[in-house]
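Please read them with the coordinates open.

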Amino acid sequence: MEIKKKTIKTFIGLLIILGVCLCTAIYRNAPSDPVKNQSPAIAVPDYTAEDWRQIEEERAAYRAELEENRQHQKATVTNIKKEITYIESVPLDAGLQNWTFEHCKKNYISTYLIFALIEKESDYDANLIGDDGQAFGLMQVQEQWHRERMVRLGITDLMEPRQNITVGTDYLVELFQTGNEIDWVLMAYNGGPAYADRNRDNGTVSSYAKEIIERAEQLRKEAED
């Protein structure tokens, strides 16, 4: 009798375990709630052909702007790489050439023009004294005509290359500010404004001016090649 009771309890226990396993399996295999797991609906804009055309135009304009910015950055880098501070055929030391390039840049005047004028006036001889002791240094500046300029610029020694170039460049800038062409400016530097006016009125350009203009262009090509 005792054995039968244990058998019945065991059988009942097995039925309970079997029932639990069956319910678990049914729950796991049951289909998911279609409403609960459904992705939220995405609203698709109802674009017309004109709308799509406008969108494509805006995209094209944006791409063009990006390309323009890229080209601008590329050009900027290229210009930086090509910045010139020394010309081999100019017999001035690298430090003075670099200073001259920077000085001319600040004064909005061509360094090649300054070098060409120096070559014509003194052949790059900073110690040259010409015109019967009246013209000094690289740009053959005559102190008698530029004393006020020298005071304004703080210049005391025209035989010092940087000070000499400072005065000569300042005078050239002043001549350019008259609005005249480069040939007039060079003739005025060489012989004074009245001399330049006479040549212009006669329709002539001095060999001095022509040679400097030609040499400046040669120096530019040499530096940029």
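1. Just after α4, Asp123 takes a positive phi of about 55°. This is a predicted model, and the angle should be read as a feature of that prediction. Aspartate 123 is not a glycine, although its phi is positive. The residue sits in the loop that runs between α4 and β1 (129-130). Asp123 counts as exposed because its relative accessible area is 56%, and the cut-off for exposed is over 50%.

2. Asp131 lies in the loop between β1 and β2 (135-136). Its side chain makes a polar contact with the side chain of glutamine 142, at 3.0 Å.

3. Where does glutamine 142 sit? Glutamine 142 is in strand β3, residues 141-142. With a relative accessible area of 19%, Gln142 is buried, since the cut-off for buried is under 20%. Leaving aside residues up to four places away in sequence, Gln142 touches Asp131, Gln134 and Ala135. Of these, Ala135 is also the bridge partner of glutamine 142 in β3.

4. The sheet around these residues is open and has three strands, in the order β1-β2-β3, with antiparallel pairing. β1 and β3 are the edge strands, each pairing on one side only. The strands β2 and β3 run antiparallel and are joined by two bridges.

5. Turning back to α4, its length can be checked. The helix has 12 residues and, at 1.5 Å a residue, should span 16 Å; the C-alpha atoms at its ends are 16 Å apart, so the two values agree. At the start of the helix, a side-chain oxygen of serine 110 comes to within 3.2 Å of the backbone nitrogen of tyrosine 112.

6. How many of the residues of α4 are buried? The helix is mostly covered, with 10 of its 12 residues buried. The buried residues are Thr111, Tyr112, Leu113, Ile114, Phe115, Ala116, Leu117, Ile118, Glu121 and Ser122. They pack against α3, α6, α7 and α9.

7. The largest nonpolar core has 43 residues, and the members that touch the most others are Phe115, Met139 and Tyr189. Two or more residues come from each of α3 (94-106), α4 (111-122), α6 (161-176), α7 (182-191) and α9 (207-224). The largest share, seven residues, is given by α4. In soluble globular proteins, nonpolar side chains tend to be buried together.

8. Not counting residues up to four places away in sequence, phenylalanine 115 touches Ile87, Val90, Leu92, Gln97, Thr100, Phe101, Tyr124 and Leu219.

9. In one of them, the rings of phenylalanine 101 and tyrosine 112 have centres 6.2 Å apart and planes at 80°, so the pair is edge-to-face. This pair links distant parts of the chain: phenylalanine 101 is in helix α3 and tyrosine 112 is in helix α4, 11 residues apart. Phenylalanine 101 counts as buried because its relative accessibility is 10%. Tyrosine 112, at 12% relative accessibility, also counts as buried.

10. What is the geometry of the rings of phenylalanine 101 and phenylalanine 115? Their centres are 5.8 Å apart and their planes stand at 80°, so this pair is edge-to-face. Phenylalanine 101 is in helix α3 and phenylalanine 115 in helix α4, so the pair ties together parts that are 14 residues apart in sequence. Both phenylalanine 101 and phenylalanine 115 are buried.

Note on methods. Residues numbered from 1 in each chain as written. Predicted model: local features only at pLDDT ≥ 70, side-chain atom pairs only at ≥ 80, totals over all residues. Heavy atoms only, no water. Core = buried A, V, L, I, M, F, W, Y, C linked by side-chain atoms within 4.5 Å. Buried < 20%, exposed > 50% of the residue type's maximum accessible area, 1.4 Å probe, protein only. Helix = DSSP H or I, 4+ residues; strand = E, 2+ residues; numbered from the N terminus. Contact = heavy atoms within 4.5 Å. Polar contact = N/O pair within 3.5 Å; in protein donor to acceptor, adjacent residues only side chain to side chain. Expected span 1.5 Å × (residues − 1). Phe/Tyr/Trp six-rings, centres within 6.5 Å; stacked < 30°, edge-to-face > 60°. Pairing = 2+ DSSP bridges.
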